[in-house]
Amino acid sequence: MIENNIIFYLNEEKVKIRVKPSETVLNILHKLGYLGAKESCNEGDCGSCTIAINNLGKIGEYKAITSCIIPATKMHKRHVITIEGLGTPVDTHPIQQIIFDNHATQCGFCTPGIIMSLFSKLTEKKIVTSESLKKSLEGNLCRCTGYQHIIEASEEILENVNNATLNSDNILPSFCKDIQRKINEIPDKIEQIENPIDDVINIQSYTLLYSIDELKEKIQKLNSKNYKIISGASDLFVEKNIQKKYYSHYFDVSRIPEMLGIKLIGETIEIGASEPIEKIIGSDIIKTHISSLNKAIFWMSSRQIRNVATLAGNIGNASPIGDASSALVGLDASLLLISPKAERIVKLENYFQGYKSTILAEDEFIAKIIIPIQKENRFYNFIKTSKRKNMDISTVNSFCSMKVDSKGKIIDIRLVYGGVSVFPQLAKNAIAEIKNHNIYNLDYDRIEVLLKKDFMPISDVRASNEYRNLLIRNHLIKHIATYKMEFNNEK
Ligand SMILES: Cc1cc2nc3c(=O)[nH]c(=O)nc-3n(C[C@H](O)[C@H](O)[C@H](O)COP(=O)(O)OP(=O)(O)OC[C@H]3O[C@@H](n4cnc5c(N)ncnc54)[C@H](O)[C@@H]3O)c2cc1C
Ligand code: FES
Ligand code: FES
C-alpha cells in the first residue's frame with residue numbers, strides 16, 4: 001500500500017491527506033469539501049482558483065497562487081488559506097465586507113479569487129498604494145466585467161489601510177498567530193509520491209528534492225528518460241491539464257537550498273534556478289545592479305504565476321517568446337548546468353539550438369543563472385508588444401544593450417528579439433551594420449533589410465508576419481528613442 005501522504009495546514013485545520021502525483025492543490029481542496037476556490041480555465045489564466053500560501057521564511061506574509069496548476073505535493077509543510085478561512089456570511093472578513101458593500105460581486109465566480117489576491121497583498125509588510133493594489137489583481141478576471149466596482153472596493157480598502165481600520169490585527173485570521181510553531185512540527189521531508197492503481201493519469205512519481213546531491217542520485221538511478229525537472233510547474237502542469245501531456249517522473253527542485261537565493265559575487269549576480277520571479281523583482285540586488293531585467297519580468301504573466309514561476313522554467317521550456325529568455329540573452333547571461341557526472345557553464349546565447357530544443361544533455365539541469373551586472377554609462381532596455389499589458393504572452397519582445405561614446409558612435413550593441421524566430425536570438429546582421437555608426441544618423445531602411453535577413457517571422461494567431469516585421473523595425477526605433485531620452489541628449 002503506497003502511503004503518499006502530505007501534511008499541511010488548511011486554514012486552522014491540520015490536514016494529512018493521500019495525494020496522487022498528478023493532483024493539483026485545487027483537486028484536493030475540492031475533495032476536502034472546500035469549494036470556494038473555483039475551477040474555470042484550469043491553466044492559471046483567470047485567477048478564480050486563487051488561494052494564499054505562507055511565504056517561506058516570512059512569518060505572517062502570504063502569497064497568492066493559482067491552485068489549479070500547482071501540484072498538490074508542493075503543499076507539504078505549508079499553510080494554505082482559502083476564502084473559507086477568511087470569513088463566513090455571518091462573520092465576514094473586512095475585505096469580503098468591502099467587496100459586498102461596493103456591489104463588487106455579480107455572479108460571484110471570480111470573487112473568492114479576487115479577495116484572496118487582495119488579502120495576500122495586504123499581508124505583505126510593504127506600503128500599499130492604489131497602483132500596487134490594482135497590480136495585485138492583474139491575474140484575476142471578472143467575466144461579467146464588474147471591474148469598476150472592484151476598483152472602487154480596492155480604493156476603499158486602501159482608505160481603510162491608510163486610516164488603520166484595516167491593520168495587522170484584523171487582516172490576518174486569528175489562526176495565523178500560532179501557525180509557524182505548528183508548521184515547524186511537521187516533518188521536513190516526505191517520500192516520493194507514487195502512482196496509485198486508481199489514477200488514470202499515468203505519472204509514475206512526483207518527488208520533492210532537498211539537495212543537488214539527492215537530485216543527481218535520482219537522475220543517475222532512473223532507468224527511464226521520460227522525466228522532467230519541475231520548478232514552479234506553471235508550464236508543465238498547464239501542459240498536463242490542457243494538452244494532457246505528461247511525463248513518467250517529476251523531480252521538484254523548488255526546495256533545493258543550493259538552487260535558491262540571489263547573490264552578488266564580484267561583477268556578476270548569481271540567481272538560483274528555483275528562485276521565484278516575484279522574489280527576483282523584489283530583490284534589492286537586482287534593483288540596484290540589473291534593473292533592466294525587472295523591466296522584462298515585471299509584466300510577465302501575473303503575480304500568482306510569478307510567485308511560483310522561475311527564470312529556469314522560462315529558459316527550460318525554450319519557448320521562442322519567453323520574456324525572461326530574451327532579456328537574459330541581451331544581458332549576456334550564462335547558465336551553470338549540472339549533471340551527475342560533471343558541471344559546465346554555457347552562454348545562454350549558445351544554449352538554444354532550435355524550436356524548443358537546447359544543448360541540455362538528458363541528465364543535466366540548470367542550477368544557476370549568472371548575469372554580469374549592468375555597466376555605468378551603458379544603455380539597457382526591454383520592450384514587449386502584446387495585445388494587453390497584463391497577463392499576455394508577447395507578440396514580439398526585444399532587448400537592447402548599447403555603449404555609445406560622447407560623439408554618438410555606437411561602440412557596442414546587443415540587440416535580441418523574441419517571437420520572430422524559433423528561439424530568442426541576437427540580430428547578428430543588423431548588429432554588424434549598427435556598430436560603429438552614429439546613433440543620430442542611422443539608416444533605418446538599410447537596417448530593416450538586414451533585420452529581415454536575421455529574422456523571418458511567421459504568421460500565427462497573435463500576429464501576421466508583416467505586422468511582426470513592422471514591430472521588429474519599430475522596436476529598434478523605440479530603443480534608440482529611449483536611449484536619446486534617457487541620456488537626455490536628443491540632437
Ligand atoms: C497564465 C500564464 C501566463 C504566462 N505569461 C507569460 C508571459 O507573459 N511571459 C512569459 O515569458 N511566460 C509566460 N508564461 C509561461 C511560464 O509562466 C514561464 O515560462 C515560467 O517562467 C515557467 O517557469 P516554471 O518554474 O513554472 O516552469 P516549469 O513549469 O516548472 O518548467 C518549465 C520547463 O522548464 C524546465 N525546467 C524548470 N526548471 C528547470 C531547471 N532547474 N533545469 C532544467 N530545466 C528546468 C522544465 O523541465 C520544463 O521543461 C505564462 C504562463 C501562464 C500559466
Ligand atoms: S481556474 Fe483559472 S486560474 Fe485556475
Ligand atoms: S462577479 Fe461574475 S465573473 Fe466576476
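User: What makes strand 18 and strand 19 a pair, and in which sense do they run, parallel or antiparallel?

Analyst: In this predicted model, strand 18 (residues 396-404) and strand 19 (residues 410-418) are joined over eight bridges in the antiparallel sense. Pairing requires at least two bridges between two strands, so these two strands count as paired. Within this pair, Ser401 stands opposite Arg414 in strand 19.

User: Why are strand 17 and strand 20 called edge strands?

Analyst: The open sheet of four strands has the order 17-18-19-20, with antiparallel pairing. Strand 17 (379-385) and strand 20 (425-426) each pair on one side only, and these are the edge strands of the sheet.

User: How do you know that helix 19 packs on this sheet, and which strands does it touch?

Analyst: Helix 19 (residues 465-486) touches strand 17, strand 18 and strand 19, and its direction makes about 145° with that of strand 17.

User: What makes strand 1 and strand 5 a pair, and how many bridges join them?

Analyst: Strand 1 (residues 5-10) and strand 5 (residues 79-81) pair in the parallel sense over two bridges. Since the requirement is at least two bridges, this value meets it, and therefore the strands count as paired. Tyr9 stands opposite His79 in strand 5.

Methods:
Residues numbered from 1 in each chain as written. Chains lettered and ligands numbered in written order. Predicted model: local features only at pLDDT ≥ 70, side-chain atom pairs only at ≥ 80, totals over all residues. Contact = placed C-beta atoms within 7 Å. Axes fitted to C-alpha atoms, helices over the stretch in contact; angles between N-to-C directions.
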